[in-house]
Amino acid sequence: MNLLTQVLHLVGSGAVAYITAANIRDPKSRPNLLAGFQLAESGSVPFLEALSKRAAAEGDEWLSERLAKHAQDEGRHGQIFAHALKQLNKQVIDFKSLPQKPDDGKPDERRRSPFFEAYYEGYDVKTMFMPDRIDWLLFMGSTYILELDACKDFVRMANALPDDPISLNLKKGMISIAKDEEGHAAYLREAMQRRLGYAKAEALITEWRTRKVNAMIAMATNLLQKGGQLPSMARDGVPSELAENPTKFNSAGESTTQPVAA
Ligand SMILES: [Fe+2]
Ligand SMILES: [Fe+2]
């Protein structure tokens, strides 16, 4: 990573840290942030499960086991956020119920993510990111950076929460999520080293760090233009099905505005 990237990384991280901390501290914006996390966490489960099966079919038991555990963890993270939303008497918006194109003809802000558009620039996410064909190194490099940063971001946000009993519960949940994300980053780094050796794995990590910096700037710019407001992903009320089947409400592959939920 060159000096400019390093400086931008700090500036981008600082801006996003400020916005996410402000959003989680404010009871009005907290549900949106939590809903975004729930979508991202639960949405990754089917993908990771399919990757685990593929790794087994390709004879990589080591990777398959870790991916299966990873999928389980993300399912649990989704449930923690679903539960936190339920306690606030909110639920995730069912994206399937949204019109594909709003009346004004512009794409729905809730369906696009400036962060992921920039992060995966040059890749056709719709066709290349299928679990049966995604390049393993593309998956490992991109996911490693998201997991590594998610760990720090969740700790920081947990500490930004107020001290009421419901928030304390969420705080505990977020700290335990952060621990899992640390474990995910660790196995992904090892997976890259097993395939590439140390030096090439480090080069791949640098490439994805640089992409993340650019994507953070894209996201921060977009958020600041909207005055730090996240698009609405939560609505009032909790259906009973949510408790039984949290993944029913996910929108796998759909955008979330947050890079932190991995
Ligand atoms: Fe994770
Ligand atoms: Fe997670």
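Predicted model: local features only at pLDDT ≥ 70, side-chain atom pairs only at ≥ 80, totals over all residues.
**View 1. Helix H7 packed against helix H8.** The two axes come within 8 Å of each other and cross at roughly 155°. That angle is over 145°, so H7 counts as roughly antiparallel to H8. As for handedness, the crossing of H7 and H8 is left-handed. If you sort the residues of this contact by type, you get 19 nonpolar, 3 polar and 6 charged.

**View 2. The largest nonpolar core.** This core holds 39 residues, and the ones touching the most other members are Leu-34, Phe-81, Leu-85, Tyr-144, Phe-154 and Met-192. Helices H2 (30-43), H3 (45-57), H4, H7 (136-160), H8 and H9 (198-225) each give two or more residues to it. H7 is the top contributor, with 10 residues. Another core lies apart from this one; it has 12 residues, including Val-16, Ile-19, Ala-215 and Ala-220.

**View 3. Helix H4 and what comes just after.** H4 runs over residues 61-87, 27 residues in all. From first C-alpha to last it reaches 39 Å, close to the 39 Å expected at 1.5 Å a residue. Just after H4, have a look at Asn-89, which takes a positive phi of about 60°.

**View 4. Ser-176 on helix H8.** Ser-176 sits in H8, which covers residues 165-196. Cys-151 is 25 residues away along the chain, and its C-alpha is separated from that of Ser-176 by 9.6 Å.

Notes: Residues numbered from 1 in each chain as written. Chains lettered and ligands numbered in written order. Helix = DSSP H or I, 4+ residues; strand = E, 2+ residues; numbered from the N terminus. Expected span 1.5 Å × (residues − 1). Core = buried A, V, L, I, M, F, W, Y, C linked by C-beta atoms within 7 Å. Buried ≥ 20, exposed ≤ 12 C-beta atoms within 10 Å, placed from the backbone. Axes fitted to C-alpha atoms, helices over the stretch in contact; angles between N-to-C directions. Parallel < 35°, antiparallel > 145°, perpendicular 65-115°, else oblique. Left-handed = near helix turned anticlockwise from the far one by under 90°. Nonpolar A, V, L, I, M, F, W, Y, C, P; charged D, E, K, R; others polar.
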